Amino acid sequence: MKAIVIHAAKDLRIESAEVAAPGPGQVRITMAMGGICGSDLHYYNHGGFGTVRLREPMVLGHEVSGHVAELGEGVTGLEIGALVAVSPSRPCGACGYCLEGKPNHCLNMRFYGSAMPFPHIQGAFREQLVVEAAQCAPAGNLSAGEAAMAEPLAVCLHAAKQAGDLLGKRVLVTGCGPIGALCIAVARRAGAVEIVATDLAAFTLAKALEIGADRSINMGESPDGLADYTADKGHFDVLFECTGVAAALGAAIPAMRPGGVIVQLGLGGDMTLPVQAMTAKELQLRGSFRFHPEFHTGVALMRSGLIDVKPLITQIFPLDRAVDGFDIASDRTQAMKAQIAFA
């Protein structure tokens with residue numbers, strides 16, 4: 001069995017790995033597709049992010065789908081050959097946060113492809129993977145590529161939950177990578193009456209319009225592009241901040257209505273916040289981190305046709321061209337979501 005292993009920045013290798021037989025309550029998955037995520041790119045381009053650094057070789061990947069190849073003892077509801085989306089979220093179910101109903105904050109979280117703990121949590125970019133049956137969401141009428149989009153969609157569904165009621169709201173999305181674009185799709189499905197998207201790349205802004213934004217603004221070409229929305233103390237009720245860049249948040253604050261909600265998804269590092277302006281407008285800053293039950297919800301929304309992620313899948317590379325896939329995925333002038341095909 002082959003796996004995609006990162007050793008250091010720009011040192012990505014296809015290596016052999018072993019796979020065990022599934023135990024009770026587990027299934028063995030023959031991997032079909034894996035999406036390259038921003039965190040994968042941080043490991044590939046920089047060897048980590050912030051204080052999280054690679055300290056040993058690690059299999060990358062957590063946005064995956066595949067076909068059920070073998071059922072462990074006691075597994076029901078899944079059939080051999082069925083396409084499933086595989087959730088990378090594996091909370092322990094026993095710590096204080098899990099028992100409080102906050103599994104995304106699990107103290108013993110085992111999230112695929114994470115260098116946060118040591119030893120690292122090995123990822124899912126491999127030809128075969130044994131998982132818990134509960135991680136598998138049947139994805140019958142979807143393509144393998146669509147099913148592999150369930151993880152980033154779940155991130156955005158959790159963010160929408162943090163934002164609260166979006167029906168009739170005016171929404172601003174800063175940063176139109178995959179997460180920003182999916183926030184647009186989710187906000188539109190949740191009833192937002194107006195959605196404006198900002199970014200620095202024409203390619204991603206075009207995708208934002210394709211997936212449901214009413215207007216896109218290139219802040220690189222028009223640094224004052226949000227000026228039209230600052231009259232009478234602001235225009236937007238909700239901001240999904242998907243860049244993690246202080247300048248993007250700072251430019252958005254004057255366009256926010258008093259009492260508005262900022263949902264921070266971008267994890268670019270520590271940010272200097274315009275606290276005085278936020279205080280004067282009584283803005284609410286809400287973090288959004290990972291997901292858990294939203295994973296199965298996202299698959300259901302895609303299967304029913306309520307959310308269409310196909311426009312965001314821009315490239316698919318075979319396993320033996322994984323390095324090319326990572327290089328393209330880093331280029332926002334031509335890639336939204338690049339994926340690796342394992343079969």
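Q: What covers the buried residues of helix 10?
A: Keep in mind that this is a predicted model. In helix 10 (residues 322–329), the buried ones are Ala322, Gly325, Phe326 and Ala329. Their cover includes helix 1 (38–46) plus strand 1, strand 2, strand 17 (313–318) and strand 18 (337–341).

Q: Why are those buried residues put on the same side of helix 10?
A: We're talking about Ala322, Gly325, Phe326 and Ala329. They sit on the same side of helix 10 because, around the axis, they cover an arc of only 95 degrees.

Q: What is the strand order in the open sheet of three strands?
A: Start at the edges: strand 2 (11–16) and strand 6 (58–59) each pair on one side only. Strand 1 (residues 2–8) runs antiparallel to strand 6, and two bridges join them. With antiparallel pairing, the order reads 2-1-6.

Q: Which residue in strand 6 is the bridge partner of valine 5?
A: Two bridges join strand 1 to strand 6. For valine 5, the partner in strand 6 is valine 59.

Q: How are helix 4 and helix 9 oriented to each other?
A: The axes of helix 4 (residues 150–163) and helix 9 (residues 294–303) come within 8 Å, crossing at roughly 110 degrees. Angles of 65 to 115 degrees count as roughly perpendicular. So helix 4 and helix 9 are roughly perpendicular.

Q: How many nonpolar residues does the contact of helix 4 with helix 9 have?
A: Helix 4 brings residues including Leu153 and Leu157, while helix 9 brings Phe295 and Val299, among others. The contact has three polar and three charged residues, and the nonpolar ones number eight.

Methods
Residues numbered from 1 in each chain as written. Predicted model: local features only at pLDDT ≥ 70, side-chain atom pairs only at ≥ 80, totals over all residues. Heavy atoms only, no water. Axes fitted to C-alpha atoms, helices over the stretch in contact; angles between N-to-C directions. Helix = DSSP H or I, 4+ residues; strand = E, 2+ residues; numbered from the N terminus. Parallel < 35°, antiparallel > 145°, perpendicular 65-115°, else oblique. Contact = heavy atoms within 4.5 Å. Nonpolar A, V, L, I, M, F, W, Y, C, P; charged D, E, K, R; others polar. Pairing = 2+ DSSP bridges. Buried < 20%, exposed > 50% of the residue type's maximum accessible area, 1.4 Å probe, protein only. Arc of directions from axis to C-beta.
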